[in-house]
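Subject: Handing over a structure

Hello,

Here is the structure I promised to pass on to you. Please have a look at it first, and then read my notes below.

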Amino acid sequence: MITRKSRREIDEMKKTGQLLASIHEQLRDFIKPGITGHDIDKFVEKLILDNGAIAAQIGYQGYEYATCISVNDEICHGFPTNKVLKNGDLIKVDTVIDLDGAYSDSCWAYVVGEGSKEVTDLMDVTKEALYKGIEAAQVGNRIGDIGSAIQKYVEPKGYSVVREFVGHGIGPTMHEEPSVPHYGVAGKGTRLKEGMTITIEPMINTGTWKSKMDDNGWTARTQDGGLSCQYEHTIAITKDGPEILTLQKD
Ligand code: MF3
Ligand code: CO
């Protein structure tokens, strides 16, 4: 079932979204060579708790950390580890927070120190892909319009779109209907209506879109060892257009 949220519910989601956005803003300076994924995870968890929110990923299907930290060829659901991050690493920090029963979900990509052109180009394309998807999230469009906009932007540039992991509805629970693939056919799928709240979270690879699963049963990485990047916003579909609930300051 797809639920549509009232203005008041969207405003509550925006409160949690703005807290999450401010955490990502603070990560910009925090992430540098020499720190570990664990350091980032603890930093994020403390900010969540200090602001009266819940780190919603902890305990979700047995997941143990506030964040997913996926490095270089890891696509998503990487565990925070004690491995020291080094100059040039591409890291994606994904977290979900629950503030007074409203959820928001946002993943952001960071380069540790100075990134190679391969890394920074991939980051630029992935962020723009997210915004192409958001732009297509208009009342009256369909779910397929979002994925199609992303795929049409990304693939001619020689990058690929991950298939196995998709965006989702969100609200008073972390994952709701509908699924939001980042590939697809324009004009197909569920029609987008006012009040729907969803995540758009394209994972874009330099090589194949195909993934393999680590032995931990969580972490997906590219089959060919190529780089993977991801940006994710939680958005509301409104009659005035898509509203980004996790929007960060420039
Ligand atoms: N933040 C993820 C998403 O985009 C959910 C992570 S699954 C968890 O849907 F188990 F790590 F929480
Ligand atoms: Co997420």
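Let's begin with one side chain: Phe-79 counts as partly exposed, because its relative accessibility is 26%. On that scale, buried is under 20% relative accessible area, exposed is over 50% and partly exposed lies in between (1.4 Å probe, protein chains only).

Please keep in mind that this is a predicted model, where local features need pLDDT of at least 70 and side-chain atom pairs count only at pLDDT 80 or more, while totals for chains, interfaces and linings use all residues. Residues are numbered from 1 along each chain as its sequence is written, chains are lettered from A and ligands numbered from 1 in the order in which they are written, and side-chain values use heavy atoms, without hydrogens and water.

**Aromatic rings**

Searching the whole structure gives six aromatic pairs. Rings of Phe, Tyr and Trp (its six-membered ring) pair if their centres lie within 6.5 Å; planes under 30 degrees apart are stacked, over 60 edge-to-face, and the rest tilted. Phe-79 belongs to one of these pairs: its ring centre is 5.7 Å from that of Tyr-63 and the planes meet at 70°, so the two are edge-to-face. They bring together distant parts of the chain, 16 residues apart, with Tyr-63 in the loop between strands E1 and E2 and Phe-79 in the loop between strands E3 and E4. (Strands are DSSP runs of at least two residues, numbered from the N terminus.) Tyr-63 is buried, because its relative accessibility is 3%.

Trp-108 and Tyr-231 are edge-to-face too, because their ring centres are 4.7 Å apart and their planes lie at 80°. Here 123 residues separate the partners: Trp-108 is in strand E5 and Tyr-231 in the loop between E13 and E14. Both are buried.

You will also find one aromatic cluster, made of Tyr-63, Tyr-65, Phe-79 and Trp-218.

**The cobalt site**

Which residues hold the cobalt ion (ligand 2)? Asp-94, Asp-105 and Glu-232 coordinate it at 2.0 to 2.6 Å. Donors are N, O and S atoms within 2.8 Å of the metal (3.2 Å for Na, K and Ca), and water is not among the atoms, so sites may look incomplete. Along the sequence, the donor residues follow the spacing D-x10-D-x126-E. Asp-105 in strand E5 and Glu-232 in the loop between E13 and E14 are 127 residues apart, linking distant parts of the chain. Asp-105 and Glu-232 are both buried.

Enjoy exploring!

Best wishes

How values were computed
Helix = DSSP H or I, 4+ residues; strand = E, 2+ residues; numbered from the N terminus.
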